[in-house]
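Colleague: I'm new to this one. Can you put it up and walk me through it?

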Amino acid sequence: MKKISAVIAALLIVVISAVTAFAAGINDNEQKVLDELKTSVEMQGMEMYWPRTYVNQAENYFNTIDMTADQAEQIIAVIRSGKNQLESTGAKNIAECTGEQKKELMSTLTKVMEPVNGTASFDNISGEVTLKAENGEVIFKAVPTLVAKDGGKSVDINGKITDGGVIKITGGSADMLTIVLIGAAAASVIAGGVFFAGRKMI
């Protein structure tokens, strides 16, 4: 009986720790970065934005870290610098930027990841940008683009809806949710077993 109690206690500690980590959510510093990502960039007189899925992926990643005020300030400064670069290209969208302009933008993107010890890389063939967390986990991978907003939905310059703003749980967030659910289920099963065993002993 003592062994079972010890197992339950250990398991509950794991579950509580997992729930606490998962429920940590977005802190004030991370929210400031997300708010900055949601602001517009003026491209040829049009207000353009990052697709909602990009912001969602950033939010998913932020749920796995605890960003400091200093890190947030550094990242926001680089994001603003990148927006100025985009606006000065004279292009309609990122795809229309010259090779040299894209190279400069990629250099800026690399600086965005530095405060959180992440990395950024560019595939010359596919045009995809890959961002990785400090532990090497891929937190973003896509061909970068900007979209116009229409009725709360993100649409590209041709009017095609690119995403509906649905938040998808990926990477570390998804793993943490799995741990929480499995841990909670296991705790319930063991607790039920102990209760049943206890009844038999009475």
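**Strands and helices**

Modeller: E4 and E5 pair in the antiparallel sense, over 4 bridges. Two strands pair if DSSP finds at least two bridges between them. Helices (H or I, at least four residues) and strands (E, at least two) are DSSP runs, numbered from the N terminus. This is a predicted model: local features need pLDDT of at least 70, side-chain atom pairs count only at pLDDT 80 or more, and totals for chains, interfaces and linings use all residues. Residues are numbered from 1 along each chain as its sequence is written, and side-chain values use heavy atoms, with hydrogens and water left out.

Colleague: Which residue stands opposite Phe 140 in E5?

Modeller: Leu 131.

Colleague: In what order do the 3 strands of the open sheet run?

Modeller: The order is E3-E4-E5, with antiparallel pairing. E3 and E5 (138–142) are at the edges with a single partner strand each, so one side of each has no neighbour in the sheet. On average, neighbouring strands are turned by 10° against each other, direction ignored.

Colleague: What packs on the sheet?

Modeller: H5 does, touching E3, E4 and E5. Its direction makes about 155° with that of E3. Contact means heavy atoms within 4.5 Å. Axes are lines fitted to C-alpha atoms, for helices over the stretch in contact, and angles run from 0 to 180 degrees between N-to-C directions.

Colleague: Back to E3. How many residues lie between E3 and E4 in the hairpin?

Modeller: 6 residues. Gly 127 in that turn has a positive phi of about 80°. E3 covers residues 119–122 and E4 covers 129–132. Ser 121 has Thr 130 in E4 as its bridge partner.

Colleague: Now the helices. How do H4 and H5 cross?

Modeller: At roughly 170°, with their axes coming within 9 Å. H4 spans residues 69–89 and H5 spans 99–113. The two are therefore roughly antiparallel, the word for angles over 145 degrees.

Colleague: Which residues of H4 meet H5?

Modeller: Among them are Ile 75, Val 78, Ile 79 and Leu 86. On the H5 side, they include Leu 105, Thr 108 and Val 112.

Colleague: And H2, which residues are buried there?

Modeller: In H2 (residues 28–37), Asn 29, Glu 30, Val 33, Leu 34, Glu 36 and Leu 37 are buried. Buried means under 20% relative accessible area and exposed over 50%, with partly exposed in between (1.4 Å probe, protein chains only).

Colleague: What do the buried residues of H2 pack against?

Modeller: Helix H3 (52–62) and H4. The face turned away carries the exposed Asp 28 and Lys 32.

Definitions and conventions. Parallel < 35°, antiparallel > 145°, perpendicular 65-115°, else oblique.
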